[in-house]
Amino acid sequence: MDLGILATILDSALRLSIPLLAACLAGLWSERSGVVDIGLEGKMLVAAAAAAAAAYAFGSAWVGLLFGILASIAFALIHGFASISQRGNQIVSGVAINMLAAGLTAIVGNAWYGQGGRTPPLEGDQRFGDFVFGHSVLVYVTLLAVPVTWFVLGRTRFGLRLRAVGENPAAVDTAGISVAGLRYSAVVIGGILCGIGGTYLSVAQAAGFLPNMTAGRGFIALAALIFAKWRAWPALGACFLFGLLDAIANQLQGFSLPGIGEIPVQAIQALPYLMTVILLAGVIGKAIPPRAAGVPYVKER
Amino acid sequence: MSPAIELIAINKSFGAVHANKDVNLSVERGTIHGIVGENGAGKSTLMSILYGFYEADSGEIRVSGKPTRIRSSNDAINAGIGMVHQHFMLVEPLTVVENVMLGAEGGAMLRAGEAKVRKELARLAKDYGLEIDVDATVAELSVGLQQRVEILKALYRGADTLILDEPTAVLTPPEADALFELLRSLKQQGKTVILITHKLREIMAITDRVSVMRRGEMVATVETANTSPPELAELMVGRRVLLRVEKTEKAPGAPMLEVQNLSVVDARGVLRVADASLTVHAGEIVGIAGVAGNGQSELLEAIAGMRRPVLGSVRFEGQNIGAADHNPHQMRKLGLLHVPEDRLRMGLVPAFPAFESAILGFSEEPQLGCGPILDHDRLVADLARKMEQYDVRPPAPRLKTSNFSGGNQQKIVLAREIERNPKVLLVGQPTRGVDIGAIEFIHRRLIALRDAGVGILLVSVELDEIMHLSDRILTMCGGKITGERKASETNEQDLGLLMAGVTDEAA
């Protein structure tokens, strides 16, 4: 293989891994605090839609980012209210977030722009252009979130409390710290990260919003989170690996195998998902989630 | 000097349940104050109010004479109150240092606070003999050491008054002794200790004063020196109780159950029972003493046929039980019945009406109905009769199983098994979560059964219970049987050492 193709694949792998990484870190924050978040997909989707619409309306990618993050936080708070304050089932709430996001973005998009749910194409300042080495600023922000997450969780008071609340909220409560406060903070941080990931999709990687443009990335991010055993640096590795698979799949399109002929596009596109299943089933060993993940905190009586 | 803690006219209701009724309590500074009462008497609720877990509906809390509002654990900590919960409030994957500093980190960055915590822990280790590896994760520590972390947490946060909720439930006797030594040294340094327990022996051994609660009310506070276990038991229950049921010496009969070289491996591949051998004769109670989690449960389940042993054999009435026949159904048919230790998980179906729970495992018996159809009226009548015999309250066969108290649920299980005329009865934790009054009843029943010639294998973590009931006592530690004693020829210290794994050969 010549170096040109290799460089193209790696470059494209980085590009493709960024939304995964943003969502994966969002899930990491949420789940380390004990709130299971399968609504990553939905949050990225509303962020992508809101960011594209705002960038188009205000002519600024940065305003787009702001609205993307706000939309994502709003959905994160819905999930927080359902699962922290109301102690509802976190899986059900997450599913609801995903369905709501998928429906809402398509309907509102179509009502506003009449283009089947798409936003009009973004150009110029409406998009995040190249920042350094041909990548947009959001790539670097997301990459920076890895060491920041690692440091805050491991070395700060907030991080210690957050790790504790994901393992044993009663211990945090009896130590005189608010369980709900910590969990809401984590969920909002997750919202911000999903907002960045979603904005990246519609305003940096693409030029505008398409219905369902997240295409399962939120779920792949969850797989990466388990693969990384809920830790920040391994999350970077896992997301890059999935990005790489995606990039290779793109390169393989139109490639013919001797004796079989051209590989169908669908089969290639299924590759990352297939790899996820294989990796999760066989290679990584036992991944133990935070002990209190998914369990609403109720004072015993 | 004003008392360390005063609770005045505390009331607390949960729905229709009046958990605390006008409770008054005064705890003198520098004393160890015991609080006793049956399950549901309101002890834990009262302490949860003092520690800010719940807020009282009415009443006043005074700390060192000052009226204090305690609305959260934080308020309690600031008022100098620390609590060691029965179920430890520790974060297992975190280290001792991290657990101690949680909630009092001393700044946004951990590094600065950590040095302070280490210094303070070293000081506490010196002052009170609370040595511990501060960099170990809590999950790696033994239960006794985890409790030590809880105490260190409270002391680090500046507790003057320490509340301990059933602290010895999870400890070996030597660990419990060490804890009491520590509590005495805390007292000498001017700290106040509130000890919640249902073990009257502990109350007598260590407290200065003791308060008794019954059905949400504080019924008495007495100087420990001026009272006795029978008097305390009577105050707790509201009537006279026998703490120790008399039993006569009796020569055991033929061997009924013989277990040879049994080994059990659990689902995770850990060896839980290692090469255990024992024999139970007719008309004999064999007790297995040990701290919870040392293989007793697995041994009992393996004998009952619920777990397949990896090695070893079981003989019943001299007949070898083949692997194919070694299941609960077959063993029951042979006359080996089982009162499992976790009645809500293995003994009953909480959501069933009592009369259905009362035939679990026996629903195929022909007299219970007509073919596959169960005769409900008949089941109800049967259970009503048993409920009268076993003094189950309320005597309502159609009531949901979960609506009975622990002691009454246990009586339903006992009635079901005992009335099937066992030849051998396996009994696990027969009085866990059972009130003193019901304990007396259950003990009487078991002894009557033994006198009638039934062989009983008893597993209990309550050493008192083992010593009162058993004719012969085996001790288990780490899955091995570490010793055997005649009940008449041993004492608590002796058994405590065996339970801690100090075997005869080693000693």
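Guide: Let's start with one bridge: B:I81 has B:T161 as its bridge partner in β7(B). It belongs to a set of 4 bridges joining β6(B) to strand β7 (residues 161-165) of chain B, and these two strands run parallel. Two strands pair when DSSP finds at least two bridges between them. The names come from DSSP runs, numbered from the N terminus: helices are H or I with at least four residues, strands are E with at least two.

A word on the ground rules. This is a predicted model, where local features need pLDDT of at least 70 and side-chain atom pairs count only at pLDDT 80 or more, while totals for chains, interfaces and linings use all residues. Residues are numbered from 1 along each chain as its sequence is written, and chains are lettered from A and ligands numbered from 1 in the order in which they are written.

Now zoom out to the whole sheet. It's open, has 6 strands in the order β6-β7-β8-β3-β9-β10 (chain B), and its pairing is mixed. At the edges sit β6 (81-84) and β10 (217-223) of chain B, each pairing on one side only. From one strand to the next, the twist averages 20°. For angles like that, axes are lines fitted to C-alpha atoms (for helices, over the stretch in contact), and the values run from 0 to 180 degrees between N-to-C directions.

Next, the helices that lie across these strands. Helix α1 (residues 43-50) of chain B lies across β3 (32-37), β6, β7, β8 (192-196) and β9 (209-214) of chain B, and runs at about 150° to β7(B). Helix α6 (residues 173-188) of chain B lies across β3, β7 and β8 of chain B, at about 145° to β8(B). Contact here means that the C-beta atoms of two residues, placed from the backbone, lie within 7 Å.

What does the record say about this chain? UniProt, in an unreviewed entry, places the feature "domain: ABC transporter" at residues 5-240 and 257-503 of chain B. Such positions are given in the numbering used here, feature names are shortened, and annotations may be inferred rather than shown by experiment. The span 5-240 of chain B is 36% helix and 26% strand, with its end C-alpha atoms 31 Å apart. For residues 257-503 of chain B, it's 34% helix and 26% strand, with the end C-alpha atoms 25 Å apart.
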